[in-house]
Amino acid sequence: MDDFKDLFLKESRQQIKVIEESLPSLKEGDRESLEGVFRAFHSIKGMAASMGYDDISTYAHLLEELLSRLRKGTIKPVKEVIDLIRTGKDAIDGALVAVEEGRETGLDTGSLKEAITSIKDGGPVSSRGNAPATVLRIPKEVTVAVHTLEYIEGLVGELLTSQRRIRGMVKGYNSYNLDEEFHHAEGVLKTLYNLILEIRLFPFKGLTYGLRRLIEDSGKEIDFSIEGEEVELDRLILERLLDPLVHIVRNAIDHGIEDREERLRAGKPPKGLITIRVKKEAGELRIEVCDDGRGIDLEDVRKKALNLGILSEEESIRIDQERLYQILFEPGFTTSERVTEVSGRGVGMDVVRKAVEDLGGRVAIDSRKGEGTRITLTLPARGAIMRILLIRRGEGVFGIPLARVERVVEMEAPLVREGKELTAFLDGNRVNVFDTGSISLPPSSPGSPFLVLCRKGGDMMGFLADRIIGEVDGYLRDLPPLVRGLKGILGYTYLEEERPVFIIEPNAFLPG
């Protein structure tokens, strides 16, 4: 019975996803979306009835009847009708969680029936029924094509065969054949790994509905735009980005976007705009959340920081813009005089920065008073296995992702030290230099024969190396909690002798 229950939950959640994705188009009167939503509720009704979940079946049937009236054209897809469909979808989604946990579903079919009955032809809705709070989740189920599973099965079979061959060769010790077989096994492993990576990928679009719902439920007039929602990310990264993105969007809704009258007085369009842009480039994932609202008043930030004791009187006079933006990430800091449900009850941007930095990324804020705010999350678009360049510096061995390395040069001129800064001159250009060994050891003598050059846009950084060991495939592991905040470290891997090696993220030392 448990197998049938799991299948019911999986299939019903797929139908919920269809409804979520179709609602925006349904609101615009799209016929195909209407038919898709109707079929989805019909499917849930039938599956629930076959499993004996009569309350879910009845609830879905009521929504199916409402959609039948839309199909016949006796009612229009006005906001109240769409809200009721959305509320019903959310209630069923919550009921599926209850079924999964062995609880009562709590579905109030009476309230839903009353709300649907109150909709006269073209009339408004008098009740929303038992509307649950908006919940954003990344689906745990993964749908995999049968041919992909068959291919993975074949690869595993090849690995088992290769393992037996290697065992036989070790006994007979035929070094040439052994080396050849190792290469074959390595190739199969890489192919298998890449397939698993593909299975783990999930489009950013999976977050679109929930974020859009936050905006629609706010009651403010706000248009919402997403660019790059087809970009695919590892679902673990998506899960960890969910809370930061919700927090940023809520802040934009509550503290950024003005109400209609204020916008008109400022000469702006009556409706606000929140835009999310997602893109991958140069081995990085970049997510921008922009709004055309009030912007950040840096003078308010300065005064609040002074009052809270974050800044001294002297510091508040000579502080620059970038430092003021950084103050916004102080735990609990907010310039808002009121705490609201929408913007997260006054929780500061520190929760956003911590989540992003735990992923090896960084957060930047750019804002203009009266024009709006842009918050940019930049993260390494990484997989668990990557090609890395191993270097030695002093007593330490470090790895740099090969995708970040532009070239390696031998030092022909001595480095220049200015205070704590090291620079080199290459081809007539000044290049900032980082002493790689200082990550985990006291700074070594700056005299090193090699410089590993990494570029981001127009900026370049050199990393000191005493010796270039070579290229290897490394399995990236997360840093232990005690050292997770170490700047510029993606994670670590093990060498053959089981010695841990830090993997450096060069972009963390480059501007922007």
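## Basis

This is a predicted model, in which local features need pLDDT of at least 70 and side-chain atom pairs count only at pLDDT 80 or more, while totals for chains, interfaces and linings use all residues. Residues are numbered from 1 along each chain as its sequence is written, and side-chain values use heavy atoms, without hydrogens and water.

Helices are DSSP runs (H or I, at least four residues), numbered from the N terminus. Two packed helices are described by the angle between their axes and the distance between the axes. Axes are lines fitted to C-alpha atoms over the stretch in contact, and angles run from 0 to 180 degrees between N-to-C directions. Angles under 35 degrees count as roughly parallel, over 145 as roughly antiparallel, 65 to 115 as roughly perpendicular and the rest as oblique. Contact means heavy atoms within 4.5 Å.

## Helices α3 and α4

Helix α3 (residues 54-72) and helix α4 (residues 79-101) have axes that come within 11 Å and cross at roughly 160°. That angle makes α3 roughly antiparallel to α4. Their contact divides into 15 nonpolar residues, one polar and one charged (Ala, Val, Leu, Ile, Met, Phe, Trp, Tyr, Cys and Pro count as nonpolar, Asp, Glu, Lys and Arg as charged, and the others, Gly among them, as polar).

## Helices α8 and α9

The axes of helix α8 (residues 205-216) and helix α9 (residues 235-256) come within 10 Å, crossing at roughly 25°. The two helices α8 and α9 are therefore roughly parallel. In the contact of α8 with α9 there are 10 nonpolar residues, no polar ones and one charged.

## Helices α4 and α8

Helices α4 and α8 pack at about 130°, their axes 13 Å apart, and are therefore oblique to each other. Arg-86, Lys-89 and Asp-90 in α4 meet Tyr-209, Arg-213 and Glu-216 in α8. By class, this contact has one nonpolar, no polar and five charged residues.

## The cavity

The structure holds one cavity of 30 Å³ or more (a set of points on a 1 Å grid over the protein atoms alone where a 1.4 Å probe fits but cannot get out; lining residues have an atom within 4 Å of a point). The largest cavity has about 50 Å³ of space, a volume being the space filled by probe spheres set on the points.

Residues lining the largest cavity include Glu-20, Lys-27, Arg-86 and Tyr-209. Helices α1 (2-27) and α8 each supply at least two residues of this lining. The lining divides into three nonpolar, no polar and six charged residues.

How values were computed
On a 1 Å grid over the protein atoms alone, a cavity is a set of points where a 1.4 Å probe fits but cannot get out, and a pocket is an open set with protein on both sides within 12 Å along at least five of seven lines; lining residues have an atom within 4 Å of a point.
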